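Hi,

Here is the structure I promised to pass on. Have a look at it first, and then read on for what I found in it.

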There are 2 protein chains.
Amino acid sequence: MTSDEQWMAQAVAEARKGIGLTSPNPPVGAVIVKNNIVLGKGWHQRAGEPHAERKAIEDASTSNGNDSMKGATIYVTLEPCSTTGRTPACTDGIREAGITRVCYGSVDPNPAHAGRADAILTNQGIKVDQIADTTDCDSLIRAFAKVQNTGLPWVTLKSAMSLDGHITRPTGEGQWLTSPESRTVVQRMRYESDAILTGGQTLRVDDPALTIRDTSLPNKPQPWRMVVTQGDKASLPPTAQLFTDTHADRTLVQENGDLTTARRTLVAKGCNSVLVEAGGTLMSAFLRAGLADEVALFYAPLITGTDISAFAPLPEDIPLADPTYTRIGNDILLRASILKTEN
Amino acid sequence: MTSDEQWMAQAVAEARKGIGLTSPNPPVGAVIVKNNIVLGKGWHQRAGEPHAERKAIEDASTSNGNDSMKGATIYVTLEPCSTTGRTPACTDGIREAGITRVCYGSVDPNPAHAGRADAILTNQGIKVDQIADTTDCDSLIRAFAKVQNTGLPWVTLKSAMSLDGHITRPTGEGQWLTSPESRTVVQRMRYESDAILTGGQTLRVDDPALTIRDTSLPNKPQPWRMVVTQGDKASLPPTAQLFTDTHADRTLVQENGDLTTARRTLVAKGCNSVLVEAGGTLMSAFLRAGLADEVALFYAPLITGTDISAFAPLPEDIPLADPTYTRIGNDILLRASILKTEN
């Protein structure tokens with residue numbers, strides 16, 4: 001790794017602290033370095049609060065004084081913003097701090113902003129470079145980028161099944177197939193999502209809570225819970241946990257199985273990422289219509305006697321790309337992107 | 001690792017060269033060591049040919065002379081034989097070579113032999129030790145041990161499927177789901193098996209060859225091919241490859257779906273290990289009756305549109321033990337033992 005890559009890796013680590021917290025903004029991290037010393041670092045914590053660059057400058061200023069950053073480099077996972085929104089433009093903050101080089105990761109996916117910071121900073125005599133390998137930085141903003149580019153959220157289909165592709169129930173909350181370790185990973189996935197989407201049938205059969213119960217995770221508001229039902233809301237049991245628990249105001253219902261309106265509604269609520277935890281019918285509806293971006297499938301080491309499939313039959317194969325397999329306890333988690341033809 | 005463990009690991013590596021070749025005997029390896037120098041090594045190559053100990057002694061004698069072994073230790077993966085069968089007793093060979101210590105791995109699973117070598121060698125003034133961790137040695141002889149203990153072969157159920165547990169055809173020879181890398185592993189699995197078992201329905205639909213076609217593997221005779229059909233032999237297509245190719249004399253048929261007779265027939269033919277490559281009905285018949293010892297399941301990174309399951313519905317869950325997951329190309333291979341209640 002070059003030293004640029006090493007510092008950028010630190011900025012990525014900062015950014016990751018914000019995953020699940022920043023929507024509709026993306027998670028962003030920044031590190032300010034001079035003479036191979038980290039002067040300050042920061043990450044974007046919540047929409048409306050300072051950007052990562054401002055947090056890093058504040059940190060450097062507090063720890064090392066206002067003048068410490070003269071001639072420093074700032075590493076930031078996303079191209080700095082150049083416009084004043086709810087917070088002032090980061091390009092101004094960088095110049096005012098005396099920073100003389102910006103090394104950034106991803107280009108701003110908003111076409112109105114993309115590349116603008118380059119010109120503004122360069123005109124001010126600040127050297128601007130993009131890191132060579134933007135993979136990790138791009139991964140941080142994939143959900144944000146999808147909303148910017150399409151107006152629709154990033155959709156992850158999550159399921160847990162036996163080795164022969166069966167689930168004991170339409171979704172797994174009632175009777176788990178997988179290990180406690182896998183359930184901990186699912187809690188983290190919920191924490192990192194802005195919304196959790198399930199189906200009316202799952203609500204009726206399982207009555208899931210879809211909450212974050214792992215107390216080792218930092219506090220965050222309950223993600224939105226969206227129930228997509230084929231019928232109308234009256235067909236759903238009013239006593240379901242989603243309608244009666246302390247987070248009932250975070251439950252939305254989409255009627256008529258309309259997945260496009262469901263996704264647009266969630267974007268309007270500020271969601272970038274949606275985790276689908278549902279039975280085979282709804283899972284396959286997402287796949288068939290090409291609406292999902294990735295799958296996260298947990299396999300437990302058993303072959304089941306049930307015939308309830310994790311996916312309903314599909315008219316054609318859905319090939320997946322870039323599979324990663326992670327052992328979790330005695331289970332395996334497959335994550336992969338969905339290769340799309342056209343939406 | 002202690003030095004005993006290091007030398008035993010070499011003996012295990014020798015033994016592995018014989019996997020798939022030695023039935024009805026087990027694969028065995030031996031290494032002769034004196035003053036931290038390997039004097040000779042050997043492995044059992046075929047039933048009726050010299051045992052590993054004799055091969056190692058011969059190797060040491062050729063390379064270093066007959067007298068070199070005086071005071072040496074022999075590491076052997078299985079307790080030496082103490083009786084004369086098709087070849088003379090290894091305990092005699094060890095004594096005659098002047099070897100003064102035997103360190104062995106597994107105890108002979110044949111109750112008539114188990115532990116006998118200990119007493120015979122000790123009475124001759126030869127020190128005898130068993131290695132502390134016999135896991136690798138025991139694994140080498142698991143199929144042999146099962147035949148010794150039960151009269152039935154070790155059965156591995158192999159299948160290749162999509163992530164949702166579907167196969168495109170009753171078995172995968174016609175249209176592969178999995179990658180070329182996985183197919184190479186399957187070739188190795190066939191090579192290491194004494195017999196390959198499939199079902200009548202697979203024969204009719206797929207007409208598989210069930211041969212070893214990977215020319216990078218050492219030569220060995222075609223494993224037995226056993227077709228289990230629910231009906232009688234006349235119900236099978238006489239033009240099938242298994243009945244007409246150059247290995248047609250290595251094809252057996254079991255009528256009436258009788259899996260017990262099928263397995264006993266294979267043991268009578270000298271088979272210790274059987275690889276089942278079949279469709280869901282036969283796979284689940286093995287599972288339901290508790291006749292299989294392990295599964296080897298390949299998963300390809302796609303979700304399929306078919307509804308042909310790799311396993312037919314089962315009356316109850318089949319839990320698996322000690323799962324290992326190995327990435328092979330873009331596929332994953334799960335191997336696990338089947339936890340049995342009672343056969």
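**How the two chains sit together**

Of the residues of chain A, A:Gly165 comes closest to the rotation axis, with its C-alpha at 2.3 Å. The same surface serves both copies, since 100% of the contact residues of chain A recur in chain B; residues count as in contact if their C-beta atoms, placed from the backbone, lie within 7 Å. Before going further, please keep in mind that this is a predicted model, in which local features need pLDDT of at least 70, side-chain atom pairs count only at pLDDT 80 or more, and totals for chains, interfaces and linings use all residues. Residues are numbered from 1 along each chain as its sequence is written, while chains are lettered from A and ligands numbered from 1 in the order in which they are written.

Back to that axis. A rotation of 180° with 0.1 Å of shift along the axis superposes chain A on chain B, with an RMSD of 0.1 Å. That is the relation of a two-fold axis. The superposition is by least squares on the C-alpha atoms of residues with pLDDT of at least 70 in both copies.

**The interface**

How many residues of chain A are in contact with chain B? There are 30, and they meet 30 residues of chain B. Three strands of chain A, β12 (302-303), β13 (318-328) and β14 (331-338), each supply at least two residues of the side that touches chain B. (Helices, H or I with at least four residues, and strands, E with at least two, are DSSP runs numbered from the N terminus.) β13(A) gives the most to this side, with 6 residues. By class, the side of chain A that touches chain B has 19 nonpolar, 6 polar and 5 charged residues. Here Ala, Val, Leu, Ile, Met, Phe, Trp, Tyr, Cys and Pro count as nonpolar, Asp, Glu, Lys and Arg as charged, and the others, Gly among them, as polar.

Strand pairing also crosses between the chains. β12(A) is joined to β13 (residues 318-328) of chain B by 2 bridges, and these strands run antiparallel; two strands pair if DSSP finds at least two bridges between them. A:Ile303 stands opposite B:Ile318 in β13(B). In the other direction, β13(A) pairs with β12 (residues 302-303) of chain B in the antiparallel sense, again over 2 bridges, and the bridge partner of A:Pro319 in β12(B) is B:Leu302.

Within chain A, β13(A) is joined to β14(A) by 7 bridges, and the two run antiparallel. A:Ala321 has A:Ser337 in β14(A) as its bridge partner. The hairpin of β13(A) and β14(A) has 2 residues between the strands, and A:Gly329 takes a positive phi near 60° there.

**The sheet and helices of chain B**

Chain B has an open sheet of 5 strands in the order β2-β1-β3-β4-β5, with mixed pairing. Its edge strands are β2 (37-43) and β5 (127-130), each of which pairs on one side only. Neighbouring strands of this sheet are turned by 20° against each other on average, direction ignored. (Axes are lines fitted to C-alpha atoms, for helices over the stretch in contact, and angles run from 0 to 180 degrees between N-to-C directions.) β4 (residues 101-106) of chain B and β5(B) pair in the parallel sense over 4 bridges, and the partner of B:Cys103 in β5(B) is B:Asp129.

Helix α1 (residues 3-16) of chain B lies across β1 (29-34), β2, β3 (73-78) and β4 of that chain, at about 145° to β1(B). Helices α2 (residues 52-64) and α3 (residues 90-97) of chain B pack at an angle of about 25°, with their axes 9 Å apart.

**Backbone details worth a look**

A cis peptide bond joins A:Ser23 and A:Pro24, with omega about 5°. A:Pro24 is in the loop between α1 (3-16) and β1 (29-34) of chain A.

Best wishes

Terms used. Contact = placed C-beta atoms within 7 Å.
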